[in-house]
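Work through the exercises below with the sequence and the 3D view side by side. Try each task before reading its solution.

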Amino acid sequence: MSTAEQQPENPENPETPASDSLLGPADIRELAAALGVRPTKQKGQNFVIDANTVRRIVRTAGVRPDDVVVEVGPGLGSLTLALLEAADRVVAVEIDDILAAALPATIEARMPARQDRFALVHSDAMLVTELPGPPPTALVANLPYNVAVPVLLTMLDRFPSIERTLVMVQAEVADRLAAEPGNKVYGVPSVKANWYAHVKRAGSIGRKVFWPAPNVDSGLVSLVRRTEPVKTTATKAEVFAVVDAAFAQRRKTLRAALAGWAGSAAGAEAALVAAGVSPQARGESLTVEEFAAIAEHKPAVREPAL
């Protein structure tokens with residue numbers, strides 16, 4: 001366990017004094033009140049109210065002065081301001097109308113010298129296909145718990161220039177993303193994240209640094225883009241189809257779980273044997289490379305006789 005995991009943030013005992021530019025608990029509540037904003041569970045909103053926590057996130061993310069950082073779900077701007085302190089540019093993607101409208105004014109008021117280094121995209125992150133300015137080199141975000149995995153995978157897929165990612169997600173989701181083969185929580189998110197990057201747990205975050213305090217703990221996950229993609233002749237869609245099928249019935253052997261994907265249990269067994277995987281194995285024991293090998297050997301679909 002890392003030092004970061006052993007020592008969750010405690011806003012009542014800050015490690016370092018907060019910068020005047022960053023938002024503290026009183027600032028967050030005052031800003032929310034002025035905007036008439038109440039965090040909602042429907043949108044997965046839990047605002048970080050501790051300046052030390054956002055600084056720690058930026059530090060753990062290894063944000064460099066030349067980085068172009070994309071942030072998803074900036075909310076009231078706590079993490080955004082800390083990112084602007086460290087990065088060359090920050091592009092924030094916000095779906096909420098009120099929060100999106102208010103964020104540029106917060107940046108101007110709190111960090112006027114850096115406002116020309118900030119850009120806002122008012123949209124659902126799942127719908128964003130391009131970002132303003134130079135290509136992003138890093139993704140740093142406090143992701144809404146209810147959409148964390150699809151947003152993460154979508155951003156990694158659409159923006160291959162993102163080299164490094166650090167996301168704060170529900171602790172259970174963090175464990176799944178960072179799980180290795182053989183772990184009981186290893187599953188679809190684990191394999192798909194590994195298609196893009198090397199994934200690891202990067203720390204834990206206590207509940208008291210949020211407003212409102214969530215009912216679950218949070219975790220940091222680090223993803224470093226693979227310098228070389230997974231070696232396979234199969235496409236991403238073909239590999240992911242095998243992954244989805246394998247974990248849809250995760251208690252079954254792969255011979256049985258992949259029967260629908262292969263057209264029959266016998267076809268699944270043939271593909272598995274050709275890929276060097278035991279037909280009696282289960283999906284939770286396979287690496288992303290092994291899933292790719294299976295995808296390469298999918299049985300050909302026979303055309304019905306006329």
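## Exercise 1: Confidence

Task: Find where pLDDT stays under 50, and state how many contacts beyond four places in sequence the model has there.

Solution. pLDDT stays under 50 over residues 1-18, and for these residues the model has 29 contacts beyond four places in sequence. Here pLDDT is the predictor's confidence in each residue, from 0 to 100, and contact means heavy atoms within 4.5 Å. Next, take the chain as a whole: its pLDDT averages 91, and 90% of the residues score at least 70.

This is a predicted model, in which local features need pLDDT of at least 70, side-chain atom pairs count only at pLDDT 80 or more, and totals for chains, interfaces and linings use all residues. Residues are numbered from 1 along each chain as its sequence is written, and side-chain values use heavy atoms, with hydrogens and water left out.

## Exercise 2: The chain in outline

Task: State how many helices and strands the chain has, and what share of its residues is buried.

Solution. Start with the secondary structure: there are 13 helices and 9 strands. Helices (H or I, at least four residues) and strands (E, at least two) are DSSP runs, numbered from the N terminus. Then turn to burial. Of the 306 residues in the chain, 51% are buried; buried means under 20% relative accessible area, exposed over 50%, and partly exposed in between (1.4 Å probe, protein chains only). Last, look at the contacts between residues at least 6 apart in sequence: 72% of them join residues at least 24 apart.

## Exercise 3: The sheet

Task: Give the order of the strands in the open sheet and name its edge strands.

Solution. The sheet has 7 strands in the order E4-E3-E2-E5-E6-E9-E7, with mixed pairing. Its edge strands are E4 (118-122) and E7, each of which pairs on one side only. From one strand to the next, the twist averages 20 degrees; axes are lines fitted to C-alpha atoms, for helices over the stretch in contact, and angles run from 0 to 180 degrees between N-to-C directions.

E2 and E3 (residues 89-94) run parallel and are joined by 5 bridges. Two strands pair if DSSP finds at least two bridges between them. The bridge partner of Glu71 in E3 is Ala92.

## Exercise 4: Two residues and their surroundings

Task: Is Thr80 buried or exposed, and which residues does Ser222 touch?

Solution. Thr80 is found in helix H4 (residues 78-86). With 0% relative accessibility, Thr80 counts as buried. Apart from neighbours within four places in sequence, Thr80 is in contact with Glu71, Pro74, Val90, Leu103, Ile107 and Phe118. One of these, Leu103, is 23 residues away along the chain, and its C-alpha atom is 9.2 Å from that of Thr80.

Ser222 belongs to strand E9. A relative accessible area of 13% makes Ser222 buried. Residues up to four places away in sequence aside, Ser222 touches Thr165, Leu166, His198, Val199, Lys200 and Ala202.

## Exercise 5: Helix H8

Task: Which residues of helix H8 are buried, and which elements do they pack against?

Solution. H8 covers residues 188-196, and its buried residues are Ser190, Val191, Lys192, Ala193, Trp195 and Tyr196. They pack against helices H6 (148-158), H7 (171-178), H9 (236-248) and H13 (288-296), and against strands E7 (197-205) and E9 (218-225).

## Exercise 6: Salt bridges

Task: How many salt bridges does the structure hold, and why does the pair of Asp27 and Arg110 tie together separate parts of the chain?

Solution. The structure holds 15 salt bridges. A salt bridge is a side-chain nitrogen of Lys or Arg within 4 Å of a carboxyl oxygen of Asp or Glu.

- The side chains of Asp27 and Arg110 form one at 3.0 Å, N to O. Asp27 lies in helix H2 (residues 25-35) and Arg110 in helix H5 (residues 97-110), so the pair ties together parts that are 83 residues apart in sequence.
- Arg226 forms another with Glu289, with the closest N and O atoms 3.3 Å apart. Arg226 lies in the loop between E9 and H9 and Glu289 in helix H13, so this pair ties together parts 63 residues apart in sequence. Arg226 is buried, at a relative accessible area of 15%, whereas Glu289 is partly exposed at 37%.
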